[in-house]
Amino acid sequence: MQQSKTNNHRNNEKIVYLPNQRGQHRNVSADPAEVNNKPKKAFKMQTLGVLAVGIIGVTLATVPLVQAYLESDALTQELATAKELEKEAMQENIQAQEEYKHMQDPEYLADVARRDYYYSKPGEIIFEFEDYQE
């Protein structure tokens with residue numbers, strides 16, 4: 001029995017009593033391996049928490065950038081299409097202006113009337129020949 005009290009006494013030497021908030025004592029192990037692990041675990045947890053918050057923050061910041069990039073790409077394609085349509089419209093406009101200038105020329109109108117509508121000057125006879133191909 002004496003020996004078990006001695007073992008208990010030795011075990012009690014490793015226990016350090018610290019006051020808690022209510023003024024009571026709680027058992028804290030004085031084992032150095034255990035004491036050193038707690039700050040390391042806390043540091044690891046804190047590091048993981050900061051890392052997780054950082055990843056979430058970067059993700060949330062990246063989403064609008066990706067959306068803006070995709071929207072920009074769509075607008076660039078739309079702009080290219082609009083430029084092509086503008087080019088076609090400009091060519092049609094130039095062609096219409098040329099036709100308008102020709103319509104103001106009496107000789108051109110006479111040629112069109114003869115060719116397309118078979119009009120003739122007084123005393124003229126119009127002969128139509130089929131295209132000859134060898």
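Me: In which helix does Leu48 lie?

Reply: This is a predicted model. A residue is first placed by the element that holds it. Leu48 lies in helix H2, which covers residues 32-103.

Me: Is Leu48 buried or exposed?

Reply: The general idea is a cut-off: exposed means over 50% relative accessible area. Leu48 has a relative accessible area of 51%, so it counts as exposed.

Me: Which residues form a nonpolar patch on the surface?

Reply: The patch consists of Met45, Leu48, Leu51 and Ile55. Together these four have about 430 Å² of accessible area.

Me: How many helices and strands does the protein chain have?

Reply: An overview counts the elements and then gives their order. The protein chain has three helices and two strands. Read from the N terminus, the order is α-β-β-α-α.

Me: How many salt bridges does the structure hold?

Reply: The general idea is a distance: a side-chain nitrogen of Lys or Arg must be within 4 Å of a carboxyl oxygen of Asp or Glu. The structure holds two salt bridges. In one of them, the side chains of Arg114 and Glu124 meet at 2.8 Å, N to O. This pair links distant parts of the chain, with Arg114 in helix H3 (residues 106-117) and Glu124 in the segment after H3, ten residues apart.

Me: Which side chain meets Arg115 in a salt bridge?

Reply: The partner is Asp116, and the distance is 3.1 Å, N to O.

Me: Why do Arg114 and Glu124 count as partly exposed?

Reply: Partly exposed is the range between buried, under 20%, and exposed, over 50%. Arg114 has a relative accessible area of 28%, so it is partly exposed. Glu124 is partly exposed because its relative accessibility is 33%.

Me: What are the relative accessible areas of Arg115 and Asp116?

Reply: Arg115 is exposed, at 52%, whereas Asp116 is partly exposed, at 40%.

Me: What does H3 reach from its first C-alpha to its last?

Reply: The general idea is to set the span against an expected value. H3 has twelve residues and reaches 15 Å, close to the 16 Å expected at 1.5 Å a residue.

Me: Which residue follows H3?

Reply: Tyr118 follows H3, and its phi is positive, near 55°.

Me: What share of the residues in the protein chain is buried?

Reply: Of the 134 residues in the protein chain, 1% are buried. The chain exposes about 13300 Å², and carbon and sulfur atoms supply 57% of that area.

Notes: Residues numbered from 1 in each chain as written. Predicted model: local features only at pLDDT ≥ 70, side-chain atom pairs only at ≥ 80, totals over all residues. Heavy atoms only, no water. Patch = residues over 30% accessible without salt bridge, like charges linked within 9 Å, V, L, I, M, F, W, Y side chains within 5 Å. Areas by Shrake-Rupley, 256 points an atom, 1.4 Å probe, with all protein chains shown as cover. Helix = DSSP H or I, 4+ residues; strand = E, 2+ residues; numbered from the N terminus. Buried < 20%, exposed > 50% of the residue type's maximum accessible area, 1.4 Å probe, protein only. Expected span 1.5 Å × (residues − 1).
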